[in-house]
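Please read this report beside the sequence and the structure.

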Amino acid sequence: MYITGKKRGDRHTRDILLNSSLLGWDATAQFIEELAERRFGLTEEKLEKGA
């Protein structure tokens with residue numbers, strides 16, 4: 001609270017919370033990648049071009 005003015009660990013200050021034990025590390029990472037791709041409209045072509 002000293003630095004941010006918010007309680008540490010308060011779920012209301014988070015954009016997304018994931019329990020990696022539900023999917024495992026690899027599937028959780030893949031989920032985050034897909035979420036970012038959808039949110040920001042990323043495609044493999046755009047990533048290769050450095051968009």
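Predicted model: local features only at pLDDT ≥ 70, side-chain atom pairs only at ≥ 80, totals over all residues.

Helices (H or I, at least four residues) and strands (E, at least two) are DSSP runs, numbered from the N terminus.

Residues are numbered from 1 along each chain as its sequence is written, and side-chain values use heavy atoms, with hydrogens and water left out.

The protein has 3 helices and 0 strands, giving the pattern α-α-α along the sequence. The predictor's confidence in each residue, pLDDT, runs from 0 to 100. Its average over the protein is 82, and 84% of the residues score at least 70. Among the elements, H1 has the highest mean pLDDT and H3 the lowest, as the table shows.

| Helix | Mean pLDDT |
|---|---|
| H1 | 93 |
| H3 (residues 44-49) | 67 |

Accessible areas come from the Shrake-Rupley method with a 1.4 Å probe; for residues, only the protein chains shown count as cover. The protein exposes about 5,300 Å², and carbon and sulfur atoms supply 53% of this area. Buried means under 20% relative accessible area, exposed over 50%, and partly exposed in between (1.4 Å probe, protein chains only). Of the 51 residues in the protein, 2% are buried.

How far apart are the end C-alpha atoms of H2? They are 23 Å apart, which agrees with the 22 Å that its 16 residues should span at 1.5 Å a residue. The expected span is 1.5 Å times one less than the number of residues. After H2 comes Gly-41, with a positive phi near 65°.

Is Thr-28 buried or exposed? Thr-28 counts as buried because its relative accessible area is 9%. Leaving aside residues up to four places away in sequence, Thr-28 touches Leu-18, Ser-20 and Leu-23, where contact means heavy atoms within 4.5 Å. Phe-31 is partly exposed, because its relative accessibility is 37%.

Phe-31 also belongs to a nonpolar surface patch of about 670 Å², together with Ile-16, Leu-18, Leu-22, Leu-23, Ile-32 and Leu-35. Like charges are joined within 9 Å, and nonpolar side chains (Val, Leu, Ile, Met, Phe, Trp, Tyr) within 5 Å. H1 (20-23) and H2 (25-40) each supply at least two residues of the nonpolar patch, and H2 gives the most, with 3 residues.

Note on methods. Patch = residues over 30% accessible without salt bridge, like charges linked within 9 Å, V, L, I, M, F, W, Y side chains within 5 Å. Salt bridge = Lys/Arg side-chain N within 4 Å of Asp/Glu carboxyl O.
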